[in-house]
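Visitor: I am new to this structure. Could you show me how to read its rings and its inner space?
Guide: Gladly; let us look together.

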Amino acid sequence: MLNKPIIYFRVDGNSEIGLGHVIRCTALCAMLNEDFDCRFIVKNPIPKLKDQILEVADRLISIGEHNSRDDEARMLLDKYFTNSPIVVLDGYGFTSEYQLKLKTQGCTIVCIDDIHDTHFYADVIINHSPNAVESDYCAEVYTQFCLGLKYALLREPFLKYSKLRTIKENGSTNCLLICLGGADPHNDTLNVMKSLQGSVFDQYYVVIGVGYKYEDELKLFIESSSLDVILLRNLTDKKMVAIMDLCSVAITTPSTVSIEYLSIGGNLYLLKIADNQDDLFNYLVENGIAKQFVLGQEIEPAMETYAPVYIDGLQGKRLLRIFVALSLEVIEAKEEHANLYFDWVNDTDVRTQSFHQSEIEWKDHIKWFLNQVESSLTKLYIILKSGIPIGQVRFEIDGQIAILSYSVDKSFRGKGLSEPLLRKGLAYFRSEVVDCKDIYAHVKKDNIPSVLTFRSLGGLESESQIRPRTYKYKL
């Protein structure tokens with residue numbers, strides 16, 4: 001694909017803050033890189049981290065230290081963000097002021113966040129913690145939320161495995177996995193190993209990453225220990241899947257690695273080593289999905305049958321549609337678009353799914369259309385992809401309520417664009433008409449593609465009280 005839309009990933013990873021932000025951004029990048037030009041901006045990346053990023057990204061830009069985040073934002077805007085790209089922010093210190101500076105210069109902002117400690121100007125917030133809710137956040141009215149395991153930022157082999165829904169007999173192997181992230185800045189891996197001296201597993205697979213700086217100390221312990229330990233460093237995603245599949249029990253941090261293990265299946269113990277792991281830790285423990293690991297506790301081999309049910313493998317598809325929506329453009333319909341709307345409104349499929357199915361005459365159409373574009377109670381948006389109209393979204397306003405309808409140009413149907421088109425139209429409308437509280441849509445029950453689209457948007461479905469054989473969606 002020529003001239004793919006550009007996404008910049010502004011993210012850091014090192015021995016002090018860990019590598020989790022980078023790992024989940026590379027996972028997201030892999031979901032998007034066929035359709036987008038993905039570029040990473042990282043502060044002083046170590047060589048091995050560069051290699052990991054360039055396995056999935058089109059480009060890696062190394063930047064140095066700046067006096068402040070404000071200085072950094074100005075530099076990025078002047079040097080890289082000149083054509084209003086999509087910018088993904090994942091890490092600490094991307095404050096409200098930082099986001100707003102990028103936003104006011106035309107950037108589209110996506111924040112990957114699990115702390116929710118600032119006001120967000122982001123267009124989209126991603127938090128794959130299963131207990132994340134919108135009320136956790138203070139954000140703008142146009143902000144879209146991708147929350148929960150439906151949007152888990154997992155690498156492709158984990159998503160592929162989760163689709164298999166393989167029943168896993170935990171008692172078939174007596175192996176324990178220990179993985180506390182790519183950096184483990186306080187060397188909790190060694191503390192865990194010391195506390196397991198009396199446990200009864202046949203083998204212990206210890207996985208460390210490129211940011212781990214205590215390898216010599218860990219090796220000395222392993223050599224003196226009676227445990228059968230296999231030390232693995234910087235595993236590929238495919239090798240990590242294989243090791244997780246082998247191990248019926250795992251001790252991990254409550255982070256992306258724990259979600260990766262849940263996509264494979266097994267008995268999970270969690271050791272929290274950072275403040276931003278609180279939400280995921282609390283949810284998984286309180287709901288009996290995982291147990292808290294305490295140094296010195298006894299861990300027995302798992303015996304029950306376990307099947308992974310938390311990850312459905314469709315996360316990449318959902319997130320791609322989110323980013324496709326961000327790459328679309330919106331223009332408001334004007335008088336010169338009357339012919340375009342006339343073609344759309346008389347399309348055979350559009351008339352079939354309309355509540356009034358008769359063909360529209362030009363004289364009736366032009367009268368209606370001119371009234372619509374001049375009315376303050378109607379918003380007609382044309383959605384563009386690479387400058388080409390792909391469809392329209394209409395909002396009819398009645399006080400603090402709006403009724404939505406839409407159509408996709410016949411040349412773009414069957415390409416997965418209905419959801420992105422609606423997301424773009426909804427976000428634009430909410431940013432423009434801020435006092436509209438509720439948005440509704442009515443869809444015929446036999447219009448299966450539209451029903452599935454509104455369900456994927458998270459619309460609250462009910463029986464329409466004014467139209468027979470019709471669903472009503474609240475968005």
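Predicted model: local features only at pLDDT ≥ 70, side-chain atom pairs only at ≥ 80, totals over all residues.

Visitor: Which residue lies over the face of Y440?
Guide: A charge sits over a ring if NZ of Lys or CZ of Arg is within 6 Å of the ring centre and within 35 degrees of the ring normal. Here K472 lies over the face of Y440, 4.4 Å from the ring centre. Residues are numbered from 1 along each chain as its sequence is written, and side-chain values use heavy atoms, with hydrogens and water left out.

Visitor: How many aromatic pairs are there?
Guide: Rings of Phe, Tyr and Trp (its six-membered ring) pair if their centres lie within 6.5 Å; planes under 30 degrees apart are stacked, over 60 edge-to-face, and the rest tilted. That rule gives 19 aromatic pairs. Y406 and F454 have ring centres 5.9 Å apart and planes at 70°, so this pair is edge-to-face. The pair links distant parts of the chain, 48 residues apart: Y406 is in strand β21 (residues 401-408) and F454 in helix α16 (residues 448-456). Helices (H or I, at least four residues) and strands (E, at least two) are DSSP runs, numbered from the N terminus.

Visitor: Are Y406 and F454 buried or exposed?
Guide: Both are buried, meaning under 20% relative accessible area (1.4 Å probe, protein chains only).

Visitor: Which residues do ring pairs link into a cluster?
Guide: Y341, W344, W368 and F369 form that cluster.

Methods
Buried < 20%, exposed > 50% of the residue type's maximum accessible area, 1.4 Å probe, protein only.
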